[in-house]
Amino acid sequence: MPNEYTWKNKVSCQYIDSSLELNKEHIATPMGCYMYNIVEQGECYIEYNGEKITMRKNELTFFNPTIIPELKGATDDYKAIILIIHSDFVSENIVIRKMLQTAFYSSIYIGSPTVTIVNELHLELLKSSMRQIMLHIDNPHEFTSQAIHGAYSVFLADLAAILGETMGYNKSNCKNYDLFISFTELLKNNFKQHHDVAFYARQLHISPRYLSMIIKDLTNNTVIYFINRKLSLEACWLLKSSRISIQEISDALHFSDQSAFCKFFKRQIGKTPLAYRNE
């Protein structure tokens, strides 16, 4: 069986082992992609958003398109299955966009890109959808795109349900859940220009206090946490993926000046922008 299945540079599903541990062409998530990694045995070591993470057996690790995880190494017995989906593929299907929002909410609730899945049936459900995607890529026909969309929708539906059960949360208050999703959509499109809670509250036609209360209740984090998280992820990406100056990054993210940006970055990441770039 081949190690890698790729369809139109938009979808890739791969088996990976320790022989590929330093081959970033095979394992790194391209900018603009979602990645889901299930470890079948062994361990893999990565750095993501300034944090060192160990991926272990029966753990699912998922990454958003904002920042690329950096591979550091793996044990000799490491084996995993990885699904990579380009955001353009996601935007083609409204059902997938909705399911992705649900899974995204779950990942935010966790506060970590990694979750241990103890139920073997749950793991098999996810890996079954991955294998279905591989089969469709390996046996293309005129409706391959629709077939992959369907398999990915099933994967996301199972993922959202599994994460919800694993974490013990529920979305009984649909109004508040929908408000959270609306907030994350607003944040995605406006975080560079608007760093204040009041802007997002106005756009949602609620008070800043009410928005803060809802977000805190649903996620146990503040609105400012999410704003700062988006800003720091974007800053990390720009520092690592481009050679534009720190002043230009500060301007792009609408900080008042470079000094304010550097203080913000040091507070969030624990080191200066220059030190982070030179690592």
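## A tour of helix packing, salt bridges and cysteines

Start by selecting Cys 262, which is partly exposed at a relative accessible area of 23%, where buried means under 20% relative accessible area, exposed means over 50%, and partly exposed lies in between (1.4 Å probe, protein chains only). The model is predicted, so local features need pLDDT of at least 70 and side-chain atom pairs count only at pLDDT 80 or more, while totals for chains, interfaces and linings use all residues. Residues are numbered from 1 along each chain as its sequence is written, and side-chain values use heavy atoms, with hydrogens and water left out.

Select Cys 44 next: its relative accessibility of 1% makes this residue count as buried. The structure holds 0 disulfides, a disulfide being a pair of cysteine sulfur atoms within 2.5 Å.

Now display helix 9 (residues 223-241) together with helix 11 (residues 258-269), whose axes are 10 Å apart and which pack at an angle of about 100 degrees. Helix 9 is therefore roughly perpendicular to helix 11, a label for angles of 65 to 115 degrees, whereas those under 35 count as roughly parallel, those over 145 as roughly antiparallel and the rest as oblique. The axes are lines fitted to C-alpha atoms, for helices over the stretch in contact, and the angles run from 0 to 180 degrees between N-to-C directions. Helices (H or I, at least four residues) and strands (E, at least two) are DSSP runs, numbered from the N terminus.

To see the contact (heavy atoms within 4.5 Å), select Asn 228, Leu 231, Ser 232, Ala 235, Cys 236 and Leu 239 in helix 9, which meet Phe 261, Phe 264, Phe 265, Gln 268 and Ile 269 in helix 11. The residues of this contact divide into 8 nonpolar, 3 polar and no charged; Ala, Val, Leu, Ile, Met, Phe, Trp, Tyr, Cys and Pro count as nonpolar, Asp, Glu, Lys and Arg as charged, and the others, Gly among them, as polar.

Lys 127 is buried at 15% relative accessible area, whereas Glu 40 counts as partly exposed at 28%.

Finally, select Arg 131 and Glu 124, which form a salt bridge whose closest N and O atoms are 2.1 Å apart.

Notes. Salt bridge = Lys/Arg side-chain N within 4 Å of Asp/Glu carboxyl O.
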